[in-house]
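Hi,

Here is the structure I promised to pass on.

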Amino acid sequence: DLTINEPNISPNSTLLEVKKALQQEFFSNQKLVLTFPINENNPTFIEAYVISSDATGNFYNKLIVQDKPENPTAGIEILINKSDLNTSYSIGQKIVIKLDGLSVSYDDGQSKVNPINLAPGKYTLGFLEGDRAIKIPSTAINNHLFRTATVEEIIPQKISIENITDATINTFVQLENAQFDSSQKGKSFAGEKYDEYDGFRYLFECGSEHVIKLQTSTFSSFKTTLIPEGQGLSLIHISEPTRRS
């Protein structure tokens with residue numbers, strides 16, 4: 001159903017508060033997952049803006065949202081057991097999320113995960129299974145995600161690689177003076193024989209000489225496209241933390 005019935009909902013929390021709640025849970029109980037209680041009389045709602053699309057197959061069963069269309073303070077990954085999400089959720093669309101019954105989990109790629117250290121990490125929203133958040137069942141989507149008719153232009157944050165923090169994970173950013181590392185010349189985004197599930201290509205930031213990996217799904221429709229040469233700016237979505245031993 002593509003009809004949008006504007007929800008009569010007033011958000012009473014924020015995406016930043018969701019992250020703070022999990023940080024407090026870890027500080028108090030050393031837990032990396034938090035389930036929001038069900039309160040029929042006063043449910044908890046937050047609003048966010050969609051910044052991802054699965055139209056080309058590079059995202060699968062997930063929506064990435066941030067709290068504001070410009071200069072966001074927080075972003076999160078929502079796991080959803082449904083494909084073709086782009087037919088219902090467009091980039092820049094404002095949605096309202098009912099948190100009651102959902103769980104938020106955290107990973108920063110470290111061997112000892114800690115949401116209150118300085119390592120930037122990823123927050124994920126979904127249903128609880130064991131000690132982590134999993135996909136929201138398709139039958140429960142309409143109980144937790146409410147579309148609005150508002151669609152805003154998403155303005156990327158201009159940052160440098162060294163400025164990546166928790167606040168920039170799962171947000172739309174712009175790296176200026178960036179180029180693919182010379183070792184990547186002639187490669188496709190994710191269509192090489194050694195690319196399994198995902199292709200990783202290195203972006204080099206001129207001046208600082210910092211490097212970041214660009215991750216592309218091998219199921220994406222543009223996987224065999226050759227990566228561009230030359231220097232300029234890169235619009236990217238900062239997402240997955242790198243696992244370190």
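**The cavity and the salt bridges**

The lining of the largest cavity divides into 3 nonpolar, 3 polar and 2 charged residues (Ala, Val, Leu, Ile, Met, Phe, Trp, Tyr, Cys and Pro count as nonpolar, Asp, Glu, Lys and Arg as charged, the others, Gly among them, as polar). Among the lining residues are Asp54, Lys62 and Tyr89.

A word on the basis: this is a predicted model, where local features need pLDDT of at least 70, side-chain atom pairs count only at pLDDT 80 or more, and totals for chains, interfaces and linings use all residues. Residues are numbered from 1 along each chain as its sequence is written, and side-chain values use heavy atoms, with hydrogens and water left out.

On to charges: the whole structure has 6 salt bridges (a side-chain nitrogen of Lys or Arg within 4 Å of a carboxyl oxygen of Asp or Glu). Glu77 pairs with Lys122, with 3.6 Å between the closest N and O atoms. Glu77 sits in strand β4 (residues 75-79) and Lys122 in strand β7 (residues 122-129), so this pair ties together parts 45 residues apart in sequence (strands are DSSP runs of E, at least two residues, numbered from the N terminus). Glu77 is buried at 3% relative accessibility, and Lys122 is buried at 10% (buried is under 20% relative accessible area, 1.4 Å probe, protein chains only).

Asp195 bridges to Arg201 at 2.6 Å between the closest N and O atoms. Here too Asp195 is buried, at 12%, and Arg201 is buried, at 2%. Through shared partners, salt bridges also join Lys62, Glu77 and Lys122 into one network.

Cheers

Technical notes: 1 Å grid on protein atoms, 1.4 Å probe; cavity = no way out; pocket = protein on both sides within 12 Å on 5 of 7 lines; lining within 4 Å. Helix = DSSP H or I, 4+ residues; strand = E, 2+ residues; numbered from the N terminus. Buried < 20%, exposed > 50% of the residue type's maximum accessible area, 1.4 Å probe, protein only.
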